[in-house]
Amino acid sequence: MNIKKILEKLLTLRMVEEEISKRYVEQEMRCPIHLSIGQEACAVGICENLTNKDQVYSTHRCHSHYLAKGGNLKAMIAEMHGKSTGCCGGRGGSMHLMDHKVGMMMSLPIVSSIIPVAVGAAMALKFKKKKNITVVFIGDASLEEGVFHESANFASLHNIPVLFVCENNRFSCFTRIEDRQPSEDFTRLAKCHGIDSLRINGNDVLNVIEKSKKIISDMKKKKSPFFLQLDTYRFLEHCGPNNDDYLNYREKKEIFFWKNNDPVEKFLKYIKNKDKIKQLEIEKIYIKIRNKINIAFLEAKSAEFPSFKSLNESIYAK
């Protein structure tokens, strides 16, 4: 396990989104943003065990999945600025990210809409006798849509190798789980469909890496679905760059608990306690990431907007 690589990925996700949050007020990123600050260990932990040929499908909160899967940072920032150099040519914005070269296939903002797409893609890979698997990241609210159950039932019946990764951050916008579900343990839903499942702390990156490594390995052998619940917490508002805790829809003791379980700080503490990486090396990683972020924003701002001539491009599949 490459500790330095894991740290760099975690810090990249955190620092990129902090910069997005800071610069959003400039109004040059004219698209809604859903940040994953506080949830970074989920994306890094899963993607650490995937190859470029393994496919990832995501939701409106997709920045972390895109970057953890190896997506191009410059293309992502350009996309958020609506520029032609963006990963979708400036047409998609924050909630439509893809980089097929590394297996980041697509993200869709409508809740649960990505689930049947991912299951269909996984079925196609199975028909083609491919050894790679499909991972679909979903939020806890996605489980309340009928299409999740239809897709899970289909995946179970046909032994489709799709990994459902539920990032449970406990809230659907402003509504907590207790007001939406009889239990916070969503593995009960997987069991209803005969799908093997596991629930773990999604803020412990090493645990996510360890557990998902075995799950993914077994899936590639058995060619069957799996449901993994990762309990985590978003630190900022559901949609937007700010802190909205003044609205008091989240209890202070709950916020305090999760802030003390910050996945990035938790991993930094582990590194320092185990003396895995020297402080000077950690500081060099910060500088390296900061430089990459600054260059990405500079290039995005100087890039051209899509031309009118390209208006009808990429509308229909060929």
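Helices here are DSSP runs of H or I with at least four residues, strands are E runs of at least two, and both are numbered from the N terminus. You're looking at a predicted model, where local features need pLDDT of at least 70, side-chain atom pairs count only at pLDDT 80 or more, and totals for chains, interfaces and linings use all residues. Residues are numbered from 1 along each chain as its sequence is written, and side-chain values use heavy atoms, with hydrogens and water left out.

**The whole chain**

- Eleven helices and eight strands make up the count for this chain.
- The radius of gyration, taken over C-alpha atoms, is compared with a globule rule of 2.2 Å times the number of residues to the power 0.38. For 318 residues a compact globule would come out near 20 Å, and the chain's 19 Å agrees with that.
- Along its principal axes, the C-alpha trace spans about 55 × 50 × 40 Å.
- A contact means heavy atoms within 4.5 Å. Take the contacts with a separation of 6 or more: 75% of them are between residues 24 or more positions apart.

**Surface and charge**

- Buried means under 20% relative accessible area, exposed means over 50%, and partly exposed is in between (1.4 Å probe, protein chains only). By that rule, 55% of the 318 residues are buried.
- The chain exposes about 15100 Å², and carbon and sulfur atoms supply 55% of that area. Areas come from the Shrake-Rupley method with a 1.4 Å probe, and for residues only the protein chains shown count as cover.
- There are 50 positive and 38 negative side chains, and the centres of the two sets lie 7 Å apart. Lys and Arg count as positive and Asp and Glu as negative, while His and the chain ends are not counted. Each charge is placed at NZ of Lys, CZ of Arg, CG of Asp or CD of Glu.

**Helix α8 and what follows it**

- Helix α8 covers residues 205–222, which is 18 residues, and reaches 25 Å from its first C-alpha to its last, close to the 26 Å expected. That expected span is 1.5 Å times one less than the number of residues.
- Its buried residues are V205, L206, N207, V208, I209, S212, I215, I216 and M219.
- An α-helix has 3.6 residues a turn, so residues three or four places apart point the same way.
- Covering the buried residues of α8 are elements including α1 (3–23), α2 (40–47), β4 (162–168), β7 (196–201), β8 (226–231) and α10 (263–274).
- Just after α8 comes K223, with a positive phi of about 55°. K223 belongs to the loop between α8 and β8, and at 22% relative accessible area K223 is partly exposed.

- R170 isn't a glycine, yet has a positive phi of about 80°. You'll find R170 in the loop between β4 and β5 (171–172), and its 9% relative accessibility counts as buried.
- N72 lies in the loop between α3 (63–68) and α4 (73–80), and is partly exposed at 39%. Leaving out residues up to four places away in sequence, N72 touches Y66 and D99. N72 and A303 are 231 residues apart in sequence but 16 Å apart in space, C-alpha to C-alpha.
- N243 is partly exposed too, with a relative accessible area of 38%. Again not counting residues up to four places away in sequence, N243 touches F235, L236 and K259.
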